Amino acid sequence: MNYLTVEHISKSYGELTLFQDLSFSIHKDQKIAFVAKNGTGKTSILNMLSGKDSPDSGSIVYRKDIQVAFLAQDPDLNPNLTVEAAIFDTKNPVLDVIKAYEKALEHPEDTEAFQKAFEQMESHQAWDFETQYKQILFQLKLENLNQKVSTLSGGQKKRLALAIALLKKPDLLILDEPTNHLDLEMIEWLEDFFAKEQMTLFMVTHDRYFLERVCNEIIELDQGELFTYKGNYSYYLEKREARIEHEAVELGKTKQLFKKELEWMRKQPKARTTKSKSRIDDFHDIKHKAQQRRNDHEVQLELNMERLGSKILELHKVSKAYKDKIILDGFDYTFQRGERLGIIGKNGTGKSTFLNLITQTQAPDSGKIVVGETVQMGYYTQAGIQVKPEQKVIDVIKEFGEYIPLKKGRQISAQQLLERFLFDRKKQYDFVEKLSGGERKRLYLCTVLIQNPNFLILDEPTNDLDIVTLNVLESFLLDFPGCLIVVSHDRYFMDKVVDHLFVFRGEGLIEDFPGNYSDFRSYEDSLPQESSINETKKDKKEWKKDSNNKLSYNEQKEYKNIESKLSSLEYDKKALEAKFHDDSLSPEQIQDLSQKLQEIMDEIEAKELRWFELSSKLEG
């Protein structure tokens, strides 16, 4: 069943064309992720779908009478309301049904109106609405129903907006970066919820584990064209790489043909026959294709970083509290060279306060923090870049100097540096206020890195960055020789760049875990659930040894991914089987479909065998 059709839409802002002639559709039970680089129009498309904006041309058509909910990246909630009042201050059809029933109760003599209202309460399951919204708010850790919206944190507001969207029980839910500002526990709850619910989703997200576990289709906007992948994130990566390789081969062939046609053009006399004029028209088309190139630059910086001395950063008996809320309680730690630390914990447990203490933007209540003389800190905060009126992108970088020193006495100009951070020459002279949210974050990241820090601190660096930029940042950090601290809810990012974790449990309790986030989750899942954390935890340095006689870390990851891969294959199998109902198929087309179907069935069988193999190993 078709819910939404987008036909030939285009959007421009002045001379900037974001996209043109885009078409796609959303059908019942699809869980679609929309992937594109920052600045190419993701947010504009979501705004069009939600009705906040309209395309310059083309149309967006919704199926009649479907219920649509939209979760914005920064929810617009009435700050004067309480949490509970905000639930009722929405366009929820169930609330209209309840109001109609209450009105009917006031006029019991109108039996027809009362019967209609009663039937509507039944069909919408409105009798249990109070129980439903309280259960969802409880799941989302919003137990204080009387708390004012104005006092909520960014994460709490996002959770409240999510509750409002879910309570509408929409046919189609549109989400803009749903995991931003949520802690890891909430993200994993949301993953499980969407995986179980028969709900149609269309979302923009950079969270690659979320993509892997929730989505069954990915639409990518790349170089102005839309590409559809009928599978999760792993499937998308595999097929996207194959597509780009194929495009590179075709581009090589086109360039060879262009050279040949260019020679012919140069040899031709001025008088043209009809046949040669046709060839000339073809030549211009070939020329256009041959001159196309992918804009997939990588950030390659060999920073001239000052060497760290023997003393880097030491915390001695550090304590910090806000009234009755304890953040640190006599905390001791000494950082070593090349340390790569990730910090995780629920919202409000003090992660950002910890960063402010070690960067000395806040003072501890007691204890001492010692920073080594050779330490040059780079601190990427959630606040982002401070935009000055009419300041251009190039001017932001030039505030740090005209040239940036690199290794071996080399240097690059501010312009060259921006190009490496994916800002072309034209973009460098745009006003900063015209940049998208993701582009501003990328520029801010650039200003932090070019100061040659040897101790880098990143507080939620992945928010608003596209997947291409995330891959580039990960590559840079893997080669970064200094100390690194990362606070992030992006589990994929954490798994790639950190070696150990500080787990903020609250009330001043901080645990040092030797491994990345997936290691930590495996460790947590291995604990007896009914036992308390303090009584039952295995020694963290021994837990991997205990699990090695069952599944290795890579086998655990493979085991978890097989189920989602099988789901994707089953989806492809059903789609192929449906094509056989087409009576117009030729014998050759039937043969081709049969061959593809057999290949999918063989792959399903192989995956199932591997799943049983790993299961038996896990249970053995």
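Reader: Hi! Is F88 buried, exposed or partly exposed, and what is its relative accessibility?

Author: Hello! F88 counts as partly exposed, with 40% relative accessibility. Buried means under 20% relative accessible area, exposed over 50%, and partly exposed in between, using a 1.4 Å probe and protein chains only. This is a predicted model, where local features need pLDDT of at least 70, side-chain atom pairs count only at pLDDT 80 or more, and totals for chains, interfaces and linings use all residues. Residues are numbered from 1 along each chain as its sequence is written, and side-chain values use heavy atoms, with hydrogens and water left out.

Reader: Thanks! How many aromatic pairs does the structure hold?

Author: There are 24 aromatic pairs. Rings of Phe, Tyr and Trp (its six-membered ring) pair if their centres lie within 6.5 Å; planes under 30 degrees apart count as stacked, over 60 as edge-to-face and the rest as tilted. F88 and Y133 form an edge-to-face pair, 5.4 Å centre to centre with 85° between the planes.

Reader: Where do F88 and Y133 lie?

Author: F88 is in helix 2 (residues 83-88) and Y133 is in helix 5 (residues 129-139), so their pair ties together parts that are 45 residues apart in sequence. Helices (H or I, at least four residues) and strands (E, at least two) are DSSP runs, numbered from the N terminus. Y133 is buried, at 2% relative accessible area.

Reader: Which residues form one aromatic cluster with F354 and F504?

Author: The cluster also includes F331, Y333, F335, F455 and F502.

Reader: New topic! Back to helix 5: at what angle do its axis and that of helix 6 cross?

Author: The axes of helix 5 and helix 6 (residues 154-167) cross at roughly 145° and come within 10 Å. Axes are lines fitted to C-alpha atoms, for helices over the stretch in contact, and angles run from 0 to 180 degrees between N-to-C directions.

Reader: Which residues make the contact?

Author: Helix 5 gives F129, Q132, Y133, I136 and L137, while helix 6 gives L160, A163, L166 and L167. Contact means heavy atoms within 4.5 Å.
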